[in-house]
Amino acid sequence: MKTFNMAAPVDPAEGVVAHTVADVQAAIRRAVSKGLRVRTYTTGHASATYGPMHDALVIQTDIEGGVRVDVDARTARIPAGSSWGEVVAATSPHGLVAVHGTAATVGVVGYMLRGGLSFYSRMFGLAPNSIRSIDLVTADGEPRTADGELFWALRGGGGGFGVVTAVEIDLFPVSSVITGASFWPVAEAGRIVKLWRDWAKDAPDTVTTSLRLMNIAPGPGKPEPITSGQVVCVDGAIIGDTAESRSIRDSLLGPLGEPVHDTWHAAGPEAVLATHMDPPNPVKSFGDHMLLNDVDADTFVAAAGSGSPLLSAELRQLGGAIGRPHPEGGVLDHVAEPLLYQCVGSAADPATTEAGRRRAERIRAELAPWDTGRTVPSFVGSHLQPQGHLDAEQVVAVDRIRQQVDPTGLFRGDICPNATVAT
Ligand SMILES: Cc1cc2nc3c(=O)[nH]c(=O)nc-3n(C[C@H](O)[C@H](O)[C@H](O)COP(=O)(O)OP(=O)(O)OC[C@H]3O[C@@H](n4cnc5c(N)ncnc54)[C@H](O)[C@@H]3O)c2cc1C
């Protein structure tokens, strides 16, 4: 079975690609009859977080039907298996956006259930808050639309509730954006990180940005100044193409000085999926992630800059609606920390992987003074990595709800570490 992260292939006892709800039901019945557990995934972007599957039948969801947009209601119904690229293509012509992530290839369901953070999130909040309904097949083999406590727990509760077959989500009116990326040589990084960090603290909610130290491989659309050595990149999206959004862009980019390359431009919302330059094809990679309460620019640059073999070390701007609880949200409805750190390294071969992992460990150690111990599940890089997106009371609550829908623990292997007290 295919996974986007080819460094973490899945190796289940059996595998099924489900195209219909009936396929999912049949696969669950088959697993039960053979004494296997059940695991589920969509694209395998997060396959490094799965953990062993040798005792399980794996259901990869590729449910047919396509994305259906209700323009008047501002909602989209999305079968499990759809990617954000498909959703953005369906919503953008109507001047509507979902709270999608940076990559077209990421699957909607895993992103949504795991807390998804978007370049629109400071305005519209954490992705699970925009879920209107979730259809799933639970361990008893019955299809249902989640309600009450189950609907609450599914939205960020760490998985293990069943196989989601479709979600309906809110869309938001956005017909234009200013989006793009600016790059400077890494020698400028200390200055750029300090200025960006100060700017980010007071920025309006209509803008969400990220800062990365990057090693970019040569390729189409990547000019020599950004591939000839490590660079610092500031990218993101500002909602609207108005005098106000242009002034936000100027307040961000003006003080940073002349970049060696710059792609910021006014565009339709579909352009946001190209901004972060995520890989369009499967890769071999590993990652690490922490939520920070602040960061010292010089410490970050010393740890993640000069000589780093990592593809990127990123600080993502949180705050705004991301930090505000949602009155109708699920168990994970906000992230209080102001800053997200993640790194991505190539796992193309053992030597590159080893060098990258050593650097990731060094960055983790250097950033320890600002590490809150909290994480966002969609950014966690491995099933071995420390995680913490729920407090102890929430873990007990989601476990109780899991026990109701899955008393025998059929889906236990799908639960994120630290999202259960069960072993
Ligand atoms: C290039 C890249 C860019 C990214 N950008 C962002 C970003 O901007 N913001 C962000 O928040 N995250 C981002 N991510 C992380 C991504 O959101 C997570 O890896 C997410 O879990 C991927 O969902 P998926 O369904 O595609 O992945 P999968 O690996 O297929 O699924 C991940 C998990 O989701 C659950 N799941 C998936 N499908 C189902 C289903 N049908 N039923 C029940 N559970 C299911 C399972 O627990 C599974 O283990 C990015 C990842 C990559 C590789």
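Contact here means heavy atoms within 4.5 Å. Helices (H or I, at least four residues) and strands (E, at least two) are DSSP runs, numbered from the N terminus.

This is a predicted model, in which local features need pLDDT of at least 70 and side-chain atom pairs count only at pLDDT 80 or more, while totals for chains, interfaces and linings use all residues. Residues are numbered from 1 along each chain as its sequence is written, and side-chain values use heavy atoms, with hydrogens and water left out.

The residues of H11 that are buried are Thr353, Gly356, Arg359, Ala360 and Ile363. They lie on the same side of H11 because they cover an arc of only 135° around the axis, the arc being that of the directions from the helix axis to the C-beta atoms. On the other side of H11, the exposed residues (over 50% relative accessible area) are Pro350, Ala351, Arg358, Glu361 and Ala365. At the start of H11, the backbone nitrogen of Ala351 has a side-chain oxygen of Asp349 within 3.1 Å.

The protein as a whole has 12 helices and 18 strands. Of its 423 residues, 56% count as buried. Among contacts in the protein with a separation of 6 or more, 75% come from residues 24 or more positions apart. Along its principal axes, the C-alpha trace spans about 65 × 50 × 40 Å.

Note on methods: Buried means under 20% relative accessible area, exposed over 50%, partly exposed in between (1.4 Å probe, protein chains only). A polar contact is a pair of N or O atoms within 3.5 Å; within protein, one must be able to donate a hydrogen and the other to accept it, and residues adjacent in sequence count only if both atoms are side-chain atoms.
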